[in-house]
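Morning, everyone. I'll talk about pockets, then the core.

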Amino acid sequence: MKQARPLIVRALSNETVERPPVWFMRQAGRYLPEYRALRAEHSFLTMCHSPELAAEVTLQPLRRYPFDAGIVFSDILLPLECMGAELEYVPGTGPIIRNPVRTAADVAALKPFDPLRDLPSPMETIRICTQEADVPILGFAGAPFTMACYMIDGQGSRNWPETKRMMFGQPKVFQALLDRLADAVGDHLQAQVDAGAVGVQLFDTWAGALSPDDFRRWALPASRRALARVSGAPRMFFTKDSAPLLPWLKALEADAYALDWRVDIGAARKLLGDVAVQGNMDPMALHAPHDEIRRRVRKIIAAAGPKGHIFNLGHGLTPDIDPQAVGVAVDEVCGWSWS
C-alpha cells in the first residue's frame with residue numbers, strides 16, 4: 001500500500017487539507033526544561049556542530065507535542081563561520097562576529113563554502129532525525145541580506161548602520177557580498193533537501209528593516225537567487241515586519257510564505273495569490289489564558305482557509321513561554337477539521 005504523503009508536504013504544495021499542519025519556529029529551544037538541562041552541559045556551538053546533540057534537541061519537542069514536522073536544530077550563522085567569520089555567542093548579547101566585513105578586500109577574502117565539506121552536521125542531524133522521528137524534518141538557512149547584516153555590523157542591531165552604510169556607499173561591494181552569500185545559502189538548503197528534509201525555510205529576519213524600494217533592489221533578488229538553487233522540496237520564505245513588502249513577495253518565487261503576526265493572514269492571501277502561506281499567531285499570545293489561545297488559533301485557521309495553510313507562530317518561541325501553553329495551541333490546531 002502506498003504511504004500517504006505527509007500533511008505538511010500537501011499543505012506546502014498548496015493543496016486543500018483536512019486541517020492545517022502545525023510546527024513552531026524555535027520549537028526546539030530554551031522554553032523546554034529538557035533543552036536547558038542539555039544546554040547547561042554543552043556550549044551552543046558544540047550542540048550545533050554535534051549531530052547527536054542537535055538531533056536530540058530536534059526531537060525533544062516531537063516527544064512532547066504532536067507537531068506535524070520537526071525543524072533541524074542549527075543556526076543561520078554557521079555558514080559564515082565556515083567562510084571565515086570569527087563567530088562567538090556571548091550570553092546576554094547574542095552572536096558576535098569579531099572580524100566584520102567592511103571592504104571589497106574583506107569580501108574577496110571570504111572562503112568558498114561547500115556545505116558537505118565545511119558544515120556536514122545539519123545534514124547528518126537530518127538523517128538521524130528522519131530515522132528516529134515519526135514526522136518529517138524541515139531544514140533552514142539565513143537569507144543573504146540577513147546574513148550580510150550580521151557579517152557587516154558584526155552583531156545584532158535595530159538599524160544596521162554599517163550594513164546600510166555599505167549598501168548606500170559601496171553598492172558594488174555590497175552586491176558582491178550578497179551574491180556570495182546567496183550561492184552559499186542556496187547550496188546549504190539544497191544539501192539539507194538531499195539529506196532528507198521535506199521542505200526548507202529561508203529566514204530573511206531583517207529584510208523588514210529595509211524600505212520597499214531597497215527590499216526590491218537588494219534583499220529580494222538575493223533571496224530569489226538563493227531559492228533558485230534549490231529543488232526537490234517546497235521552499236518557504238520568512239521575514240519579520242512583512243506587511244509593507246507583501247505586494248512584492250510573490251516575485252521571490254518561493255513555494256510558501258511565512259507571515260509575521262503583524263499581518264492579517266486573510267488579507268495577505270489576497271495579495272499573495274494562489275500560494276501556500278504559514279503562520280501567524282503572535283508568540284506572546286501564548287501568555288494569554290488557555291481559552292484565549294484557543295480562540296486565536298481558531299480565528300487564524302478560519303481566516304487562512306483550508307487550502308495550503310501551515311499553522312505557525314509569527315516568529316519564534318521565546319524562553320519565557322510556558323510549555324503547557326504550547327501544548328494548548330498545538331492541541332487546538334490538531335483538533336480542527338474542515339469537514
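Predicted model: local features only at pLDDT ≥ 70, side-chain atom pairs only at ≥ 80, totals over all residues.

Start with the largest pocket. Its volume is about 1,300 Å³. It has 37 lining residues. Which of them are closest to the centre? Arg26, Arg30, Phe44, Asp75 and Tyr89. Three elements each supply at least two lining residues: helix H2, at 33-39, strand E2, at 87-90, and strand E3, at 94-97. By type, the lining has 20 nonpolar residues, 12 polar and five charged.

Now the second largest pocket. Here the volume is about 260 Å³. Thirteen residues line this pocket, and those nearest its centre are Trp261, Asn280, Arg296, Lys299 and Ile300. Helix H14 (265-272), strand E8 (276-281) and helix H15 (290-304) each give two or more residues to the lining. Which element gives the most? H15, with five residues. The lining splits into six nonpolar, two polar and five charged.

On to the core. In soluble globular proteins, nonpolar side chains tend to be buried together. In this model, the largest nonpolar core holds 131 residues. Four of them touch the most other members: Phe24, Met281, Leu286 and Val326. Helix H11, residues 171-195, gives the most to this core, with 12 residues.

Last, look at Phe24. What does Phe24 touch, leaving out residues up to four places away in sequence? Phe67, Phe311, Asn312, Leu313, Leu317, Val326, Ala329 and Val330.

Methods
Residues numbered from 1 in each chain as written. Heavy atoms only, no water. 1 Å grid on protein atoms, 1.4 Å probe; cavity = no way out; pocket = protein on both sides within 12 Å on 5 of 7 lines; lining within 4 Å. Points joined across faces, edges and corners; volume = space filled by probe spheres on them. Helix = DSSP H or I, 4+ residues; strand = E, 2+ residues; numbered from the N terminus. Nonpolar A, V, L, I, M, F, W, Y, C, P; charged D, E, K, R; others polar. Core = buried A, V, L, I, M, F, W, Y, C linked by side-chain atoms within 4.5 Å. Buried < 20%, exposed > 50% of the residue type's maximum accessible area, 1.4 Å probe, protein only. Contact = heavy atoms within 4.5 Å.
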